[in-house]
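Hello,

I am handing this structure over to you. Please have a look, then read on for what was found.

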Amino acid sequence: MDLLKEMIDLIIGRKEFFLNLLWEHFYISFSSIVIASVIGITLGIVISEYRGSSKIILGVINFIYTIPSIALLGILIPFSGIGNVTAMIALSIYALLPMVRNTFTGITNVDERVIEAARGMGSTRFQILYKIKIPIALPVIMSGFRNMVTMTIALAGIASFIGAGGLGTAIYRGITTNNTAMTLTGSLMIAILALVVDGMLGFFEKMSGRRNRKKRKVRIILCGGMIALLIIGIAGNMIRSNQNSEKIVRIATKPVTEQYIIGEILKEIIEQDTDITVELTQGIGGGTSNIMPGMQSGEFDMYPEYTCTGWNLVLGHTGVYDESMYSKLRKEYEESYDFTWKGQMGFSNAYALAVSKEVAEKYGLKTCSDLQKVSGQLVFGAEYDFFERPDGYGKMCEIYGFTFKNVRDVDIGLKYQAVNEGKIDVMDVFTTDGQLSKAQVVILEDDKGYFSSAKEGIVIRREVLQKYPELETVFKKLENTVDNEAMAEMNYQVEEGKKDTKDVAHTFLLEKGLLKGAEE
Amino acid sequence: MEPIIKYQDVKKVYGEKTIVEHFNLSIEKGEFLTIIGSSGSGKTTILKMVNGLIIPDEGTVFVEGKDILKEDLIQLRRNIGYAIQGSVLFPNMTVEKNIAYVPNLLNDKKEKTNQAVQKWIRIAGLEEELLNRYPDELSGGQQQRVGIARALAASPEILLMDEPFGAVDEITRGELQREIKRIHEETNITILFVTHDINEAMTLGSKVLVMNAGAIDQYGTPEEIMSLPKTDFVRKLVANSRK
Ligand SMILES: Nc1ncnc2c1ncn2[C@@H]1O[C@H](COP(=O)(O)OP(=O)(O)O)[C@@H](O)[C@H]1O
Ligand SMILES: [Mg+2]
């Protein structure tokens, strides 16, 4: 019941946000549906007229259909980038199969004798097709269409994974910022949208059914409605993209809470201090690996990144990164990508080891080396990933000489609880984890420098910086304004306090005196 | 007078199986030719050669003196009425649209088409309120009548009918037979009428063609067939008709 109330509050409080997502969802699905219908029906007709090709075409389409959606998006991103276009292509591809198959089945199942009657009376091949075959196949095509529409609306939920809009954004953001009410609201709205559209289609199908003598009228209304929707859609989108036709920078963020907050901070302060409009694409699935291609193709101008990720993942170095290498990191970015690093806010989202306060006091633990002496009496817990990665558990034990009494796999969301309940004594954490700010734990100093430093900074295309030098001043203002504790606290407010990322960002800027109104 | 339809040494083979061979036949204008024979004897095959739905492997079919393969088949078919075996109607169209099908292919003058529809539903003995019904809302007899009206709607010179009164009861069958006979007398159309019912063949035909295993057993007026059956097969048929 609490959840229900939370959801209602969420919808009322963020009406604009959800309406916007609903609109985007509708737009993405509707475009995909139109594309898939046109191509799918055409293909279905072609292969039913030229049966020889049907096996190959249906085989290929069936095969594509079995590619998992996430994989298909991954395949498409290098070609069509991040965002709505890729989402629409992927959705259209999936929607193709039901359309092609039903059109093909519908047409090939038309009684041979009916076709022969039409032929014997002097119909051309084309006349047989549009006067006989297609009308008779229509109910089958329509049922495929209805399935496809429901499926596409549901599947459009994954569009947000690659930075497209739509209600999936709410689901995805809810998951990454630990906001169940938001996830549920997004899911529920998708389900309702699918049901309503399917219901409407069912109604129109019934109205235009051949038993209805007024079907001409219904057909005209239906066609008119579709065309109107299409025009509204196109016009709406044109207006929306026209709004920001002047100076624009496009910022992407990864799907983690603090990046959502940083994104909002950047947007607000850039738009306040300059006449640049910020287009913010939050929480791109796959993070760096999907944002970097977007940066290279110029779809995005900047995004918040962590130094060690840049060093290891982007530049491909192995080994530990520490901040003495920052200038080298920057130089290599400039040489390889013509991107640079700017505006480090000061916090580092790195791995660290933490123990409960109790344990820390009992054994007098301050550093990881202290931990080594007593590790034989302690239980270590971490999420699966930490045990698997090459710079994770195994190497760590080697360097520090840990010999834990026991080791446990713990779900990332339940780690803090496990420490509180004494089920585990030591765990890995990220230094800006929202829960750190309230949990009764102590972070042990990494005295042997095992964990790479992961300072946040803005990766920006140099071309953009040259075009808008005023951004330099903005970045300067943000430098060293947030330490680990402050970032953890803001994360906490979003993840546990259920505050809107925008509000948290605004409060932060206000408190730092960075807003114009606050200066006076 | 030149025959309206002429088969010249026609042969049709499916794979290894020869269906008809050395088939020669001339049909005069205005004839009501009934074609009778056992099932699989090639009646449908012969009929469909007239409108080019089946093309002979050898030999030529002439319609009004012209080799049909040298003509535009689409145009030819529009001018030959065709009532397919089982008189299959278009299930997606109303009775009116079904009947107007060929007139609509030929021209798009609404008024002319409407007149044709009105004329032919009357001749085929259909009530006007059926016009807006769909085929599956009709009785078997009504469907057959619509099939006839549809085949005749463009006032063709030739009408091909393949067992058109197959699936109806005796009473309706009798009515339909009288109807088609009347139509033939009124319009002087040439009719090729396939049936497996010897009584029907005898009553309707001005000429009867008896087919047996892809060949002509006998071709003549009903009286000739009746009084001078040429083969055992014809004799058996005729004997059956007297019962
Ligand atoms: N498309 C076809 N392929 C192979 N055999 C066929 C085909 N159409 C008809 N036949 C064969 O040709 C013979 C004559 O068929 P048909 O003219 O339909 O006979 P019917 O006198 O019963 O109308 C039959 O034995 C039939 O099986
Ligand atoms: Mg037959």
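Which helix of chain A holds both Y333(A) and Y337(A)? Both sit in helix α14 (residues 326-337), four residues apart, about one turn of the helix. Helices here are DSSP runs (H or I, at least four residues), strands likewise (E, at least two), numbered from the N terminus.

Before more detail, two notes. This is a predicted model: local features need pLDDT of at least 70, side-chain atom pairs count only at pLDDT 80 or more, and totals for chains, interfaces and linings use all residues. Residues are numbered from 1 along each chain as written, chains are lettered from A and ligands numbered from 1 in written order, and side-chain values use heavy atoms, without hydrogens and water.

Aromatic rings: the whole structure has 28 pairs over all chains. The ring centres of Y333(A) and Y337(A) are 5.9 Å apart and their planes are at 45 degrees, so this pair is tilted. (Rings of Phe, Tyr and Trp, its six-membered ring, pair if their centres lie within 6.5 Å; planes under 30 degrees apart are stacked, over 60 edge-to-face, the rest tilted.) Y333(A) is buried at 0% relative accessibility. Y337(A) is partly exposed at 23%. (Buried is under 20% relative accessible area, exposed over 50%, partly exposed in between, with a 1.4 Å probe and protein chains only.)

Metal: T44(B) (OG1) and Q85(B) (OE1) coordinate the magnesium ion (ligand 2), at 2.0 to 2.8 Å. (Donors are N, O and S atoms within 2.8 Å of the metal, or 3.2 Å for Na, K and Ca; water is not among the atoms, so sites may look incomplete.) T44(B) lies in helix α1 and Q85(B) in a loop, 41 residues apart.

Best wishes
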